[in-house]
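Let's go through some side-chain and helix geometry together, question by question. Have the viewer open and follow along.

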Amino acid sequence: MKRTWIAVPLALALCAGGGARDAHAQQTTERFIPVGQSPGISGTRSYQGAIISVNLPLKTFTVRDAQGLRTIKVAPGTRIWLDRSAQQQTTADGSMTDLEVGRRVEVLYVDDRRRDTADWIKVVVPSDE
Amino acid sequence: MRLLLAASLTVLAACRRPAPEPTQVERGRHLFFNETFAGNGRTCGTCHRAEDNFGLSPAFIATLPPTDPLFIAETSPALAKNFENPRLMRAFGLILENQDGFGRLDSTFNMRGVPHTLALATSVSSRDGPRTGWSGDGAPGDGSLRAFSTGAVIQHFTKTLNRVPGVDFRLPTSQELDDMEAFMRSTGRQEDLTLPLPLRGAVAARGQLIFLDRTLGKCNNCHFNAGANANPAIFGAGVGNRNFNTGVANLPDKPAKLTGELVPSDDGFGVPGNGEFNTPPLVEAADTPPFFHDNSVATIEGAVAFYNGDAFNNAPSGRLLAGTGGGRGITLDATQVEAIAAFLRVINALENIRAAVARLGEGSRESLRLAAEETDDAIMVLAGAGLHPEAVAHLRQARELIHRADVDRAMQALTDARAQLVASR
């Protein structure tokens, strides 16, 4: 009885205020990984394709990938990175305005319940830019 | 003559037979210790040294030549600034990490110790996903141990701070990630202990009782069976590893900060961090000092005593423990601190003996060397607190026998040492 009395409140307390549950991946080194090469993400939990349209006021854009068209929201916490590895240059921070029609992107969606919202977006900067 | 010819052909055929394909673990081991990924010369083994229990202590660093790739920041002009802090590396074994981003390299970074990779097979999984590195979020991609190597190459192997794949390093292939993960999971213990153990030493046995006592030591709540996982009786079945804010960041007089070097506060898991850090396994603790994510405590006794202090008891985890009764999270007297430390020393020595016996069974020269190191560690952790002198005598004998490659008698001496520490069940 005594053990239960101790264990139950401890479990409740630590579960309520304890460890975080999401985002175990370290995003800071992720920025340097080129489009299509993120381990465990590319090809499984991300979309890759070309931008078909952009709606800046609504903060959405549409990508055509192998499965068809996907419209994706850019949330306040969405990170946008410019993949310039083709130019042998370091990754740069990007913004919504870097989502240009025709550019190739990779989008990690937030989770299975929010597949229409981007966690991060990598934008391939063409070699001629 | 015909017989001689046949024998010669047989020998020739044997010589021509290709060497057996290396196993995945062997391939992973080779990559871990030899592959630089076209970077600055470092390998995974540069920091996770097999000779230093897959970690990196200041004492070991002091034995390395100046040309060792660990010191690349001292020899490569491109990495002279904002890549490492050589003074803190040499004095405290601290490595520079950019968990909070690469935007302001001169002011935004963490200085962390190198966690050993032993027993990873027991410690990486959690109900909430994989946990890697000191704050549980050390890997890019899907956050898995497999993906960890990619992040490590980007952080530690780069030739310049531009960190451009194909220029400053190459990223590991999918196959290489698989192989290195297999190797990392193969090191050390493959399963947790089942406590209590029938320990023979009175002090260690008392330490074990305090460790398990939910109203006194409370250690088993988060380090279940002295491993890295939380107690399923408290946190639920399958909880696995957890992060906690134990207040290490609030310790006063931390050695690295005393130097006057810039050591920004480390906020742990996430960006911005929530102050939580990963729970490491304790079985391997006693021979892998210094302790905590910032190497702020040098001895196992000091690490236990940390939970007695204000930094822990005023931290979220300490306050939550206090809320379950007793008014304060953990309060131990000096004898109790030493008893818990003695328990940790003894279970570490038992693991050293298990590993040494396993190494001796492998039969190679390299495995003999590693068995000797495990035996040395067992001697160190026991003799360091004056524990079990009879066991230490057997271990010293085993050490001598390993040196002479007398494997059978060395195994017997190790078995005799073990029998001094724990009764057979």
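Q: At what angle do helix 16 and helix 19 of chain B pack?
A: This is a predicted model, so the geometry here is computed from predicted coordinates. Helix 16 of chain B covers residues 334-362 and helix 19 of chain B covers residues 407-421. Their axes are 10 Å apart, and the packing angle is about 160°.

Q: Is helix 16 of chain B roughly parallel or roughly antiparallel to helix 19 of chain B?
A: The two helices pack at an angle of about 160°. Angles over 145 degrees fall in one class, so helix 16 of chain B counts, relative to helix 19 of chain B, as roughly antiparallel.

Q: Is the crossing of helix 16 and helix 19 of chain B left-handed or right-handed?
A: On the helix 16 side, the contact residues include B:Val346, B:Leu350, B:Ile353 and B:Val357. On the helix 19 side, they include B:Val407, B:Met411, B:Leu414 and B:Arg418. The crossing of these two chain B helices is left-handed.

Q: How many aromatic pairs are there over all chains?
A: Ring centres have to lie within 6.5 Å for a pair to count. Over all chains, the count by that rule is 17.

Q: What kind of aromatic pair do B:Phe33 and B:Phe54 form?
A: Their ring centres are 6.1 Å apart, with 45° between the planes. Stacked needs planes under 30 degrees apart and edge-to-face over 60, so this pair is tilted.

Q: Which parts of chain B does the pair of B:Phe292 and B:Phe306 tie together?
A: The ring centres are 4.8 Å apart and the planes are at 55°, so this pair is tilted. B:Phe292 counts as buried at 14% relative accessibility, and B:Phe306 counts as buried at 4%. The residues are 14 apart in sequence, so the pair ties the loop between strand 4 and helix 13 to helix 13.

Q: Which charged end sits over the ring of A:Trp120?
A: Chain A has a charge over a ring at A:Phe32, where the charged end of A:Arg31 is 5.6 Å from the ring centre. For A:Trp120, the distance from the ring centre is 4.4 Å, and the charged end belongs to A:Lys122.

Technical notes:
Residues are numbered from 1 along each chain as its sequence is written. Chains are lettered from A and ligands numbered from 1 in the order in which they are written. This is a predicted model: local features need pLDDT of at least 70, side-chain atom pairs count only at pLDDT 80 or more; totals for chains, interfaces and linings use all residues. Side-chain values use heavy atoms; hydrogens and water are left out. Rings of Phe, Tyr and Trp (its six-membered ring) pair if their centres lie within 6.5 Å; planes under 30 degrees apart count as stacked, over 60 as edge-to-face and the rest as tilted. Helices (H or I, at least four residues) and strands (E, at least two) are DSSP runs, numbered from the N terminus. Buried means under 20% relative accessible area, exposed over 50%, partly exposed in between (1.4 Å probe, protein chains only). A charge sits over a ring if NZ of Lys or CZ of Arg is within 6 Å of the ring centre and within 35 degrees of the ring normal. Axes are lines fitted to C-alpha atoms, for helices over the stretch in contact, and angles run from 0 to 180 degrees between N-to-C directions. Angles under 35 degrees count as roughly parallel, over 145 as roughly antiparallel, 65 to 115 as roughly perpendicular and the rest as oblique. A crossing is left-handed if the near helix is turned anticlockwise from the far one by less than a right angle, and right-handed if clockwise. Contact means heavy atoms within 4.5 Å.
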